[in-house]
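Me: Please take a close look at a single part of this model. I would like one connected account of how that part is built.

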Amino acid sequence: MVTSSNLSAVSHPACSATTTSFASVRAPLATAFQHRTGVAGFIGKVAFFPAAVIGIDEACTVEVRGKTFALPRFSERLRGAERALVMCRPESLTLLPPGEGILDGRVTTNVYLGHSIESFVSTDMGEILVQVDNPDARRVFGEGEAVSISFIPELTKALPEAEA
C-alpha cells in the first residue's frame, strides 16, 4: 500500500496522491509513435517500432533497427508490403544493457508495484513504458541508468504501416 509516508517510492510525474492511503497512476506523457487510428488508446499503452518486412510464411520476418525478428502474430494485410509497424505492449518489452537491444535510452522512473515494476525509459523516440514482471528473478535497472529496449517476438504483432 502506498501511503503519504512512502509516496516517494512512486515518484513518476504521472502519479498523484488522491488520499493519504493510496496513489493513482495516470497515463505516461507519451509513447513511441502514437497509433493514428486510435487503436493505442483502446488497447492501452503501446510502442510502435518501424520495420522492414523481409518475408512472410508462418511468421512475418522483419528487420527493426538492424536486428531481425520472426513475429508469429501479424496482419494478413502485410503480404506484399515492404514496411510494417511492430506493436509492443509494455509487458512485451525487455530492458537490456546499452547497445544490446533495438533502442537505447535511460530509465527516468521506476514505479514498484510488488509483482512488477513499470520502468519509464526516455529515448530518442519519446518516453516508453516497459513492464518488468517478476523483478526478483531478473535485473532491474535503476533510475538514471542507461539501457536498451528490445521485445519478445511472441508477444508483439506486426501491422501494415499504411494503416497505423
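Reply: E4 and E5 form a hairpin with two residues between them, and Arg65, in the turn, has a positive phi of about 50°. Strands here are DSSP runs (E, at least two residues; helices are H or I, at least four), numbered from the N terminus. The model is predicted, so local features need pLDDT of at least 70 and side-chain atom pairs count only at pLDDT 80 or more, while totals for chains, interfaces and linings use all residues. Residues are numbered from 1 along each chain as its sequence is written, and side-chain values use heavy atoms, with hydrogens and water left out.

Strand E5 covers residues 67–71 and runs antiparallel to E4, to which five bridges join it; two strands pair if DSSP finds at least two bridges between them. Within this pairing, Phe69 of E5 stands opposite Val62. Strand E3 (residues 47–56) also pairs with E4 in the antiparallel sense, over four bridges, and Val62 is the bridge partner of Val53. E3 and E4 form a hairpin as well, with three residues between them.

E4 itself spans residues 60–64. Its covered face holds Cys60, Val62 and Val64, whereas Thr61 and Glu63 lie on the uncovered face. Cys60 has a relative accessible area of 0% and is therefore buried, buried meaning under 20%, exposed over 50% and partly exposed in between (1.4 Å probe, protein chains only). Cys88 is likewise buried, at 1% relative accessibility.

A disulfide is a covalent bond between the sulfur atoms of two cysteines. With the criterion of a pair of cysteine sulfur atoms within 2.5 Å, the count is zero disulfides.
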